[in-house]
Amino acid sequence: MSTKHRTTPEEALAYHSDPRPGKYEITATKPMTTQRDLSLAYSPGVAVPVQAIADNPETVYDYTVKGNMVAIITNGTAILGMGNLGALASKPVMEGKAVLFKRFADVNAIDIELATEDPEEIIKAVSLMGPTFGGINLEDIKAPECFIIEQRLKEMMDIPVFHDDQHGTAVICAAGLMNALEISGKRIEDCKIVLNGAGAAGIACLELIKTMGAQHDNCIMCDTKGVIFQGRTEGMNQWKSAHAARTDARTLADAMHGADVFLGVSAKGAVTPEMVASMGPNPVIFAMANPDPEITPEEAHAVRHDAIVATGRSDYPNQVNNVLGFPYLFRGALDIHARAINDEMKLACARALAALAREDVPDEVALAYGRKLSFGRDYIIPTPFDPRLIYTIPPAVAKAGMETGVARRPIIDMAAYVLSLKARMDPTATILQGIHARARAAQARMIFAEGDDPRVLRAAVAWQRSGQGKSLVVGRESDVKAKLEAAGLGDAVRELTVVNSVNSRHIESYRDFIYRRLQRQGFDREDAHKLANRDRHVFAALMLAHGHGDGMVTGVTRKSAHVLAMINHVFDAKASDGAVGVTAVLHRGRIVLIGDTLVHEWPDENDLADIAERGALVARGLGLEPRVAFLSFSTFGYPVSERATKMYEAAKVLDKRGVNFEYEGEMTVDVALNVEQMANYPFCRLTGPANVLVVPARHSASISVKLMQEMAGATVIGPILTGVEKPIQICSTVSTVNDILNMAAIAACKLGQGR
């Protein structure tokens, strides 16, 4: 089992403050550059849609963002597991919710924190916002006020109102339970179900499960005072009373005896192994308390090998995670301009999630998680980063909304709708998540060569504390300690392994190795000793060559050309050795790989073919089907140029090699990336936009990457060094901590290694 992730307060604060405070910003979707643009955006042009909406209110969905805008409302009275800290303190959580909406379902969301604990004031404030939003997501409002607020707003407003703490958990719980009961061979109508935690989430879970067919008196709800039974008066309210069962059980332990299902939304340690042992055959245990479950899977399986266990934790199988539900529920509801999210839509979401978990898991999902996923006891709920969620769940929700009459604008062509949802997927975050998930599975000993740089040290700490593997830092112990303390990470000194060439017990064997390698290149023993002992890039590479680490990251403090020259003392990393640098550029949901950005200065056609093969290898390692374009300023022979000839010849070289990926050239970059331009050349062998771009020389590669980075704000990963015996990645001197971590993850994944 993975190590529990650990972050420091300093890291959390830095994440929220750098490079600018907060987690999102608003960007314009229309041009705002000319006087004409301003006239259309505001006065006088804006008067036209204003009048159109006044004449026909439904057109507000055509001319404004209302149809893709959700308000995230809280008063901060029930923040995560932290309790009532107030509206202002809740803002980081609500901003986080907003970016989850955008990341997973391309829903625009704005957080609104209301400084009141009076339900009537909240109801009044939110109801007045109806014209602005397409939906309302209530969050972190304590019970029982949350029940009152949600119910009243549902009655008053004609847009979906959804309290995610209740219904989000309930939907995912229901999806997992459907599959768990199928595996255990049980019918929900026959099951004895025990729920511990009579708050908002617990009550919503039980209500939805009863909608699925669970019998009232088979469902026993418990709170801190024990079983909620008919006739109990202590600590009761109308919402608890609705679920009071006829039972002789008075404690959680009593209720658990012979139970088929346990659902926990309570507190760490609420369930004992003895309680689990007393359950019926093939028990289903959803221990969903966060951050620590009521009972861990290890504890449950120690007494019941036949148990199916789910938790709220990402480091255990079967994570009950609300992000599987709320983004897609709202996506489907918004797309039909729904008046509400009803029980049928919630059940449709749960059923679609359950069905998705039973399907064959695509290779790219398994690749991202570093293990084969297949329907069974350890996989009853889809993973949050499954790319199929965006085009599987919203159509089911939309269909249920249309069938139950809450849709203002039903979807006519469902197949076209599914295609439009696929187009919304931004692969950037998915690919990065996949790289880090595979790195976590590899548990690599990562060598950070430049232990005198605070960015490198922070990345090394983050690598180890996030459970990615072990960090080996090359540097002086006293220097590392001082820099970590200055960064507010003084306690991390004991966690890192600091390696100093001065006192390394391997220095003699390192020196002998490098002398044997360089003795016919003008190096004597003293030269070899100085290289091994004094140059940290060489020393780190020697560690890697001798198996004293699994991957290496360097380049933050020196130019890449110098670093590569040092590495060549230990490894064959020259152009003639087959080394290639491939840079990933990610922008607005598109990914292109550009090569060679590191090694080849002026490649010939054979070198260009090598670069193409290496680029295709990296593409497949990222889960992409490679489509290679050899770029030039000419397209298929026009205009004629001697400098474009080698790009044309490179494609012929690949013809002879018989490679198993698409390629074409020479062509201009607009033809390579724009399908409309490409359509002018019906003989083109590419079936879609190119995702691997091979350019004529290193300078053009560098210019292209840096122009995209500086002018368009593209995310740049790389250059990814491929074609070297061991996984070594070279960062740039302007790398951030996240950049260094990305390169470390790439090294751990061995991306671009092999053939």
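Q: In this predicted model, what kind of crossing does H5 make as it passes H14?
A: A right-handed one: that's how H5 goes past H14. On the H5 side, the contact is made by Lys97, Leu100, Phe101, Phe104 and Ala105, and on the H14 side by Phe326, Pro327, Tyr328, Phe330 and Arg331. Sorted by class, that's eight nonpolar residues, no polar ones and two charged.

Q: Why are H5 and H14 called roughly perpendicular to each other?
A: Look at the angle. The axes of H5 (residues 91–105) and H14 (residues 326–335) cross at roughly 65 degrees, coming within 9 Å. Angles of 65 to 115 degrees count as roughly perpendicular, so that's the label this pair gets.

Q: Why does Asn137 count as buried?
A: Its relative accessibility is 0%, and buried means under 20%, so Asn137 qualifies. You'll find Asn137 in strand S3 (residues 135–138). Beyond its neighbours within four places in sequence, Asn137 has contacts including Lys97, Phe101 and Phe330.

Q: How do you know that the side chains of Asn137 and Glu139 make a polar contact?
A: They come to 2.8 Å, and the cut-off for such N or O pairs is within 3.5 Å.

Conventions
Residues numbered from 1 in each chain as written. Predicted model: local features only at pLDDT ≥ 70, side-chain atom pairs only at ≥ 80, totals over all residues. Heavy atoms only, no water. Helix = DSSP H or I, 4+ residues; strand = E, 2+ residues; numbered from the N terminus. Buried < 20%, exposed > 50% of the residue type's maximum accessible area, 1.4 Å probe, protein only. Polar contact = N/O pair within 3.5 Å; in protein donor to acceptor, adjacent residues only side chain to side chain. Contact = heavy atoms within 4.5 Å. Axes fitted to C-alpha atoms, helices over the stretch in contact; angles between N-to-C directions. Parallel < 35°, antiparallel > 145°, perpendicular 65-115°, else oblique. Left-handed = near helix turned anticlockwise from the far one by under 90°. Nonpolar A, V, L, I, M, F, W, Y, C, P; charged D, E, K, R; others polar.
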